[in-house]
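Good morning, and thank you for coming. Please look at the sequence and the structure while I speak.

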Amino acid sequence: MTHRAPRNEGGRTRRRRKGEELMVPRAEFRSYYGRPVIKAPSWAARDIAGYFFLGGLAGAGSVLAAGAQLTGSTALATTMKVSSLAAVSLSAAALINDLGRPARFTHMLRVLKPTSPMSVGSWLLGGYGPMAGAAALCAVTGRLPRAGAAATAAAAALGPALATYTAVLAADTAVPAWHGAHRELPYLFAASATAAAAGMALVVAPPRESAPARCAAVLAAVADAAATRAAERRLGMVAETYREGRAGLLLRSAEVLIGGGAAAAAVAGRRYRTAAVTAGLALLTGSACTRFGVFAAGLASARDPAYTVLPQRAAKGLEPSE
């Protein structure tokens, strides 16, 4: 399989200067039997990218719910607790569906391996789910308020880890678009999760209690854009996978939706319910586009040998043709 012409570290094609003779043939990136250099993850996009998105929504939603409860925004707190429970339930279902059998998930809980993101994530999911369920049940029924407050605090404590550990899970692989951005990816997932939680709050919460969600939406939009730019700078030529193809379309859509949703939320305020709901839906959709876009970029980088070979040669100070 023949791939693109050699590129330099910035991702631009290396061209011969006028009057300069090419001393070596142009590099062609081939792999044995036409196979990729590394094996792409066998994860299904619908299940695992959906698992990434729903876990982020649940985790960030619990943090927002705890803050709303402390400030006396009871309706906002209750709706976010219920939405977090629904999101984590769907997230677990997506993960189990990708694993194939529910027993495979329970088997991962037999041993806790701190060095394994998958093991730690399984325990996070297993510990967070009951806390989110107890918090939502107490809020809806109005019973056992102290137990509900304790469950809310526990879910909020585990929420940030649940929202970001999937970034560590992806970055721990050999996939260039994920591993190369291992420092920035958790921040990008945290910003995306915050945008999703803010969007959900704008959709389901009363306008009089939406001020925290509007503030969170603006902060999430700024953080999402900053984290994406930082990741692209670190990735160098591999950042092409974030700009091209399906991943590029999804990530550009995410930037527009999250930025536009945050701006609309700030303008809508408490008066315009329809505008707030529209902004919330834009934030939710943008957050999902971010997760699915990052997932698609990873698969694209794993399939192309150029994204595996050239960064390794650049790190060693070698020319592409050497």
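Residues are numbered from 1 along each chain as its sequence is written, and side-chain values use heavy atoms, with hydrogens and water left out.

The protein chain has 12 helices and zero strands. Here helices (H or I, at least four residues) and strands (E, at least two) are DSSP runs, numbered from the N terminus. Of its 322 residues, 48% count as buried. Buried means under 20% relative accessible area, exposed means over 50%, and partly exposed lies in between, with a 1.4 Å probe and protein chains only. If we take contacts between residues at least 6 apart in sequence, 75% of them join residues at least 24 apart; a contact means heavy atoms within 4.5 Å.

Next, confidence. The pLDDT is the predictor's confidence in each residue, from 0 to 100. The protein chain averages 82, and 82% of the residues score at least 70. Where is confidence lowest, and where is it highest? The lowest mean, 52, belongs to helix 12 (residues 306-315), and the highest, 94, to helix 7. Over residues 1-17 the pLDDT is below 50, and this stretch has 42 contacts in the model beyond near neighbours in sequence. Residues 310-322 also stay under 50, and there the model has 21 contacts beyond four places in sequence. Where pLDDT is low, the predicted coordinates should not be read in detail.

I now come to the helix pairs. Two packed helices are described by the angle between their axes and the distance between the axes. Axes are lines fitted to C-alpha atoms, for helices over the stretch in contact, and angles run from 0 to 180 degrees between N-to-C directions.

The crossing of helix 7 and helix 8 is left-handed. A crossing is left-handed if the near helix is turned anticlockwise from the far one by less than a right angle, and right-handed if clockwise. In this contact, residues of helix 7 including Tyr-187, Ala-191 and Leu-202 meet residues of helix 8, among them Ala-213, Ala-217 and Asp-224. By class, the contact of helix 7 with helix 8 has 13 nonpolar, three polar and two charged residues. Ala, Val, Leu, Ile, Met, Phe, Trp, Tyr, Cys and Pro count as nonpolar, Asp, Glu, Lys and Arg as charged, and the others, Gly among them, as polar.

Let us move to helix 1 (residues 45-70) and helix 11 (residues 273-303). Their axes come within 9 Å and cross at roughly 135°. That makes helix 1 oblique to helix 11. The crossing of these two helices is right-handed. Among the residues that meet are Phe-52 and Phe-53 in helix 1, and Arg-291 and Phe-292 in helix 11. The contact of helix 1 with helix 11 divides into 10 nonpolar, three polar and two charged residues.

Helix 1 also packs against helix 5. Here the axes come within 7 Å and cross at roughly 145°, and the crossing is left-handed. Helix 1 contributes residues including Phe-52, Gly-59 and Val-63, and helix 5 contributes residues including Ala-156, Gly-159 and Pro-160. How many charged residues does the contact of helix 1 with helix 5 have? There are no charged residues, beside 13 nonpolar and eight polar.

Finally, the single residues. Ala-276 is found in helix 11 and is buried, with a relative accessible area of 6%. Leaving aside neighbours within four places in sequence, Ala-276 is in contact with Leu-202 and Ala-268. Ala-263, in helix 10 (residues 245-268), is partly exposed at 45%. The C-alpha atoms of Ala-263 and Ala-217 are separated by 8.5 Å, although the two residues are 46 apart along the chain.

Leu-144 is found in the loop between helix 4 and helix 5. At 60% relative accessibility, Leu-144 counts as exposed. Most residues other than glycine have a negative phi. The phi of Leu-144, however, is positive, near 50°.

How values were computed: Predicted model: local features only at pLDDT ≥ 70, side-chain atom pairs only at ≥ 80, totals over all residues. Parallel < 35°, antiparallel > 145°, perpendicular 65-115°, else oblique.
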